Amino acid sequence: MGENPQHNPDNTQGWPPPTPPSYYGQQPYGQQPYSPFGAPQLKPETTNTLAIVSFVLAFFVSIAAVITGHLALSQIRRTGEKGRGFALAGVIIGYVSMATTVLAVIALIAFWGVIGPAFMNEMERQDAPTTEQGYASETLTGAAGMNAFGGITFGPQGAVIAPGTQSEDMNYETLELATGGLEGLGIAASADGAAVQAVVYLDFMCSHCADFEKANGAALTQLRDQGKITVEYRPVAFLNDATGDSYYSSLSAEAAACVADASPEKFEAFAAELFAHQPAMNTAGLDDTALAQLASGVGSEDITDCLYDWDMMDFVGESTFLATSYGITSVPAVYLDGQKWDGTDFADFSQKVLDAKK
C-alpha cells in the first residue's frame, strides 16, 4: 500500500499544500470591498428661480414676465433645471397681457377720438348753468339784441329797442351785487312822460310763466303798442333740476338768446313757440335740433351753430346769477315801473301803476 501523502515526512511544504497556480489569469471570485467613502451622491433636481419669478410677474408686470421668462428658458437649456413650464407660462401670459393692453389703448384712443369731444361738451354744458352765489365771470359775449342783464326790450308794434348796456360793457366780477335796490339790475321807475318799463323774468320750463303769458300777454302787447309801456323779457334758468340731465331750462334760455342775437325781431314769436312746446316737469324737453327747427319755423336765422357751440350758455348763466343775487328766485317775476307784481289781478295792478304816473 502506498503511503498517505499527508503524512509524507518528505513533504517540506507543510500543510496545507500550496495553492496551485492559475492557468487562466483570473482573480478569485468574490465581491470587491466597499469604498470607505460610500457610494457617490446624485445632484438633487431644482426648479429655476427665474421661471417662478416670470410666472408670478405675468399677473402684474407683463413685460418683466416676458424678459425673465426668456432668461429662465435660456438657463434651463444650459443647466437642465426644472421649471420650463413656469417659464413658458410666464412668457405666454406676459405676451397676451401686453397684446391686450395695446389693443385696449388703441380702442380707448379711438373711442375718445369719437366720443371724447361730445363728452367734454356735455360736461361743459352741465357746468355752464351753475349760478352759485358769489360767482361771476369778468366779461362775456352776450346776444346783440339783449342788454347786460339778459333782457330784450320791445316798443310799439314790436320794434326792438337797442340795449343801452350790453354784456361786453360790463365787468361782472366788479359789479356791486344786491346793493342800491333793483337799479343795479336796470329796473327802475321811468321818467315823467316816458313809457313805463315792464320787466318779465321767465323760465321756458315754468308752467306758471306760460300761464302768465297766456293770461296777460295780449294786454301787455296792447299797452306796448299804445306807447304806454316797453316790455322787456329776461329768460333765466331756474328749473334745470326738473329736466333730468338735459338742462332744458338753460338750453331753452340759450336758444332764446341765440334768436335774440341772430334775429331779435323774431324773439317774441320764438318765445311763444317755446311755451307752446313746453315739456312736462321732470322730462328732458326739446334737443338742439328741435329748438333750431322751431327758430327757423318763426323766420329766425339759423341758430344751429350757436346752440352747438353754446355761444350763449355763459350769458344765460350770468343773467340767472344776477337775478338770484338780487333776490329774484322764482318766476314769473314781473316789475312795472320798478314795482314788483304782487300776484293779484295783473290788469288791476298795471292800471294802478299807470294811473300813478299821470
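This is a predicted model: local features need pLDDT of at least 70, side-chain atom pairs count only at pLDDT 80 or more; totals for chains, interfaces and linings use all residues.

How many disulfides does a search of the whole structure find?

Author: Residues are numbered from 1 along each chain as its sequence is written, and side-chain values use heavy atoms, with hydrogens and water left out.

The search of the whole structure finds one disulfide, a term that here stands for a pair of cysteine sulfur atoms within 2.5 Å. In general, a disulfide is a covalent bond between the sulfur atoms of two cysteines. In this model the partners are cysteine 258 and cysteine 306, with 2.0 Å from S to S, and their link is left-handed, with -80° about the S-S bond. Cysteine 258 belongs to helix 5 (residues 248-262) and cysteine 306 to helix 8 (residues 304-308), so the pair ties together parts that are 48 residues apart in sequence. Helices (H or I, at least four residues) and strands (E, at least two) are DSSP runs, numbered from the N terminus.

Both partners can also be described by their accessibility, where buried means under 20% relative accessible area, exposed means over 50%, and partly exposed lies in between, using a 1.4 Å probe and protein chains only. Cysteine 258 is buried at a relative accessible area of 2%, and cysteine 306 counts as buried too, at 12%. Two further cysteines can be described in this way: cysteine 206 is buried with a relative accessible area of 4%, and cysteine 209 counts as buried at 3%.

Now for the setting. The chain has ten helices and six strands, and buried residues make up 37% of its 358 residues. If contact is taken to mean heavy atoms within 4.5 Å, then among contacts between residues at least 6 apart in sequence, 75% join residues at least 24 apart.

Leaving aside neighbours within four places in sequence, tryptophan 341 is in contact with Phe212, Pro332, Val334, Phe346 and Phe349. Tryptophan 341 and valine 200 are 141 residues apart in sequence, while in space they are 9.9 Å apart, C-alpha to C-alpha.
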